[in-house]
Amino acid sequence: MQEEQNNKHFNDEIDLRDLFHVLSKGKRTIIYVTALISTLAIILSLLTPNIYESRTLLAPVKPANSISGALKSYSGLAGIAGISLPTDDEENNSAKALEKLKSLSFFENNILNNIFLPDLMAVKSWDYETNTLNYDSSIYEAKSKTWVRDYSYPQKLIPSAQESFEVFIENHLTLTEDIETGFISLSIKHQSPFIAKQWAELAVNQVDNFYRQKDKLESEKAVEYLSEQILMTSLSEIKQVIAELLQEETQKLSLVEANEYYVFEYIDPPAVMEEKYGPNRVLYFIVSLLLGALLGIFLVIIKHYFFKK
C-alpha cells in the first residue's frame, strides 16, 4: 500500500510538471488571448456612456402630524352618525406610495406625460460641455423630431407606455426601504445628471400630489355628504354630531392644502452629481484580464490534451 501511495504521488508530480510545461509552451497563446479580450473590454467600456445617479433620502410624513390626530377624538361620534373615519393605517399613504411609484398606471399618468420620451428611449450620450443629449439616429431623428426605429409586434414606432415603463423600471428607477428606520431611498440613473435630478424630483412630487388630490377629493365628498345630512335630520343630537364631523372634515381639507409635504419629506434632496455612477472601467479591465488569462489557459489545455495527434 505504501508503494502504491508513493507511485500515485509520483504520478501526480509528473502530471503537474507536464501541465506546467504545456502552459509554459503555450504562453504566447495565453498572452495573445488575454490581450485580445482586454482590448475588446477597453473598447467596449470606452464606447459605453457615463451614467449618473441622483439619489434622494425620504422620510414618511406621519398622519399624527397632520390629520388623523385631529379626527381620532371624533371616531365615537362618527359611529353614532353611521360614518366611518379613516384610521392611522388608512391615513398613512407612504406604504401605498412606494408601490404606486412602481406601478404602470402611475408611470403612464404622472411620469410619462411630464418627460421627453426620447430622453428615456433613444439617448446615446450626454455632452457635458454644452449640456445636451445626443440621440441614437437609428431610433430617433432629433432634427426632424421623428421616430425611425425598427420595431416588431407588439412594439410600435413610437414606444408605448408599457414598453417605456419597463425601460424606466429596469434601467433608471431604484427604490429601497430601510426596515429599521423607515427611510426610503429613491434614485434615478441617467446619462445626464440634470435629467436624473429632474426625474427624481418629478417622481417624489407627483406621488405626493397624487395622494394629496385623492384625499382632498374624498374630504370634499365627505363635506358635501355631511352638509346634506345635517339638513335632512330634525334630531338635535344627530345635528350636533354631524356638525362636529363637518367641522373636522373642513379642517382636514385645510390641512391637505397647507402641508408642504404630504406623503414624503426630504431628508436629503436629489442633486446634480459631478461624479459618474458608472461604468467602472478599471474593474472592466481587471475582470477582462482574468477572463482572458483563464480562456487562454483553457484553449492551451484543450489543444494539447484533446487535439494532439
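## The overall picture

The chain has 12 helices and 8 strands (DSSP runs, with at least four residues of H or I for a helix and at least two of E for a strand, numbered from the N terminus). This is a predicted model, where local features need pLDDT of at least 70 and side-chain atom pairs count only at pLDDT 80 or more, while totals for chains, interfaces and linings use all residues. Residues are numbered from 1 along each chain as its sequence is written, and side-chain values use heavy atoms, leaving out hydrogens and water.

Of the 309 residues, 34% count as buried (under 20% relative accessible area, with exposed over 50% and partly exposed in between, using a 1.4 Å probe and protein chains only).

## Aromatic rings

Now for the rings: the structure holds 11 aromatic pairs. Rings of Phe, Tyr and Trp (its six-membered ring) pair if their centres lie within 6.5 Å, and planes under 30 degrees apart are stacked, over 60 edge-to-face and the rest tilted. Take Tyr-135 and Tyr-140: their ring centres are 5.6 Å apart and their planes sit at 70°, so they go down as edge-to-face. Both Tyr-135 and Tyr-140 are buried.

Tyr-261 and Tyr-266 also make an edge-to-face pair, at 6.2 Å centre to centre and 90° between the planes. Here Tyr-261 is partly exposed at 31% relative accessibility, and Tyr-266 is partly exposed at 23%.

## A ring cluster

Which residues do ring pairs link into a cluster? They are Phe-107, Phe-165, Phe-168 and Trp-199.
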